[in-house]
Amino acid sequence: MKFTAPHIEYDLLSPILIVLAVAVLGVLVEAAVPRARRYVVQVSLSLVGIVAALVAALLVMSRINPTSDKPKSGYLAAVDALALDGPTLFCWVLILVLALLGVLLFAERRLEGGVTAFAGQASALPGTEAERQASAMGLEHTEVFPLMMFAVSGMLMFPAANDLLTLFVALEVLSLPLYLLCGLARRRRLLSQEAALKYFMLGAFSSGFFVYGNALVYGYAGSMQFDNIAFAVSSGSGSEALLLGGMGMLAVGLLFKVGAAPFLAWTPDVYQGAPTPVTAFMAAATKVAAFGALLRLFYVAFGGARWDWQPMFWIIAIATMVVGSVLALSQTDVKRLLAYSSVAHAGFLLTGFLGARSLTDIAPGDLNPVQAVLFYVTTYGLTTMAAFAIVSVVRDGAGEVTQLSRWAGLGKESPLVAGSFAFLLLGMAGIPLTSGFTGKWAVFASAASAGAWPVVIVAVLMSAIAAYFYVKIIVVMFFSDPIGDGPSVTVPSVMTSSVIAVGVAATFVLGVVPGPLLDLLGRTAQFIR
Amino acid sequence: MSTTPFIILSAILFTIGAVGVLTRRNALVVFMCVELMLNASNLALITFSRANGNLDGQIAAFFVMVVAAAEVVVGLAIIMTIFRTRRSASVDDASLLKY
């Protein structure tokens with residue numbers, strides 16, 4: 001039997017390869033570089049790697065030119081395992097930007113008085129002499145940077161995956177490092193470890209469903225390639241039961257990652273327990289990757305079976321928005337509240353996802369659903385990241401203060417921080433002149449033009465409920481008197497400050513001039529197969 | 001040879017795994033049930049590979065095995081940390097985060 005070596009397009013895949021190389025180098029740095037110098041080496045290595053990958057991604061993007069006479073809307077790379085088209089490259093750039101901000105949050109040292117927010121020594125038990133020694137010596141785990149790079153490489157592969165196997169491997173590569181990162185908080189380590197356990201257990205359970213769905217769809221179509229699956233769906237040859245079962249089980253795996261109902265149980269616990277920089281990175285970047293993958297899987301592979309999956313997603317979108325918004329009302333912890341709000345946002349994103357319709361039905365100038373969802377996830381990602389960054393600077397002697405009641409009067413003590421947080425919350429609520437408004441308008445318009453009226457009505461109602469709990473935080477911060485033992489704002493280094501500044505600026509700019517980004521997405525939001 | 005019995009066996013194994021995850025308390029047993037689900041998927045992949053007459057499913061089974069091995073490393077690390085801290089591997093005891 002003759003073996004032909006596969007052809008790999010190294011130039012097209014360079015963003016993923018650079019990030020993976022940096023991750024592997026990071027592991028070597030842990031082994032070879034003395035402890036005192038690791039932090040500087042790791043941080044600069046990660047930053048340089050991400051910037052290089054970003055440049056590489058932009059170079060690949062410039063090779064896709066849909067305006068030329070002969071449209072080349074994308075490339076299939078690595079023996080058709082990865083599809084590099086407009087949506088993929090947009091997700092890549094966005095994920096890399098979020099990862100860049102994430103590294104800055106991970107590297108913040110001033111808030112904890114000279115060490116990062118991660119456990120000094122994860123193997124030292126909480127509350128023991130070993131832990132006290134580790135923190136007295138100022139130990140810190142610099143392994144978090146390579147772990148994050150591995151997660152980023154998985155996130156880059158996830159929206160590009162063009163077959164089920166690549167999708168599964170990417171899912172695991174992005175998840176496994178995140179499980180570990182969740183358990184590495186310096187303070188409140190029991191909560192952090194519990195969050196890691198819950199995230200891992202439920203994540204492994206959902207990936208079990210994902211693999212079985214994988215097998216069923218393979219049994220149906222006889223191939224794992226998305227275009228072959230699409231062909232099998234349109235010819236309707238295989239067993240319907242295998243297709244429906246497989247589609248449902250694949251959806252379980254992906255909806256778990258985006259935190260949609262009924263698979264949201266992990267979201268509040270993990271967002272609350274994980275170290276805040278990890279929460280910020282995870283909340284923003286995982287959603288981008290997971291929605292990129294969800295769009296490609298269901299539009300490209302299962303686009304022909306739209307009438308089978310759309311009713312299921314109607315129900316899921318409605319349930320997600322209702323559960324997220326209603327449960328957020330009763331929350332007393334800021335991180336937990338933001339977690340439930342992220343569930344509600346997943347519901348709004350699913351509303352945009354329901355805008356799926358055949359390409360001939362989309363009039364020129366109409367919003368297409370991919371464009372709407374990617375725009376929304378951009379605004380949400382940048383806003384959320386800054387919001388969690390602000391949560392990490394409100395502290396007292398025992399670390400971050402996340403009880404909402406203790407934030408009373410923060411607006412009087414630190415108007416700048418409280419004002420930024422209020423602006424970001426208004427952005428999430430979707431007040432006009434913020435990016436959230438444009439995002440919501442885009443996803444609702446996309447769903448409405450596909451006839452998903454009931455979902456849009458629920459979505460509008462739920463945005464009103466969501467606005468209530470966002471405004472509740474603002475009222476607590478600005479219109480109630482400070483309580484005696486309230487937290488104060490620790491002035492962070494330039495790293496966290498710049499994350500907050502970028503988030504606030506993006507929330508404002510994308511709200512006032514959303515046109516350029518929407519146009520860019522309109523031109524590029526076309527899947528290839 | 002008919003491949004249907006193998007698919008039925010894999011469905012039974014998968015169900016045992018899924019029910020086990022939902023009902024067992026010990027984190028290690030829950031984890032073993034997850035592995036059972038993955039292995040049931042492997043059986044289904046290989047069976048469909050034979051039914052379809054191509055090798056994609058068999059190759060996928062190798063990938064699933066490798067991923068499962070990586071998952072074991074991460075999972076056992078997390079479970080062991082929890083056990084050392086709390087002297088218990090029961091998933092019911094990890095209940096500080098709720099509502």
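This is a predicted model: local features need pLDDT of at least 70, side-chain atom pairs count only at pLDDT 80 or more; totals for chains, interfaces and linings use all residues.

Analyst: Residues are numbered from 1 along each chain as its sequence is written, while chains are lettered from A and ligands numbered from 1 in the order in which they are written.

Strand β3 (residues 394–396) of chain A pairs with β5(A) in the antiparallel sense over 2 bridges. Strands are DSSP runs of E with at least two residues, numbered from the N terminus, and two of them pair if DSSP finds at least two bridges between them. Within this pairing, A:Arg395 has A:Ser488 of β5(A) as its bridge partner.

The two strands belong to an open sheet of 3 strands in chain A, ordered β4-β3-β5, with antiparallel pairing. Its edge strands are β4 (399–400) and β5 (488–489) of chain A, each of which pairs on one side only.

Another antiparallel pairing in chain A joins strand β1 (residues 74–77) and strand β2 (residues 82–85) over 4 bridges. In that pairing, A:Tyr75 stands opposite A:Leu84 of β2(A). β1(A) and β2(A) form a hairpin with 4 residues between them, and A:Ala78 in the turn has a positive phi of about 50°.
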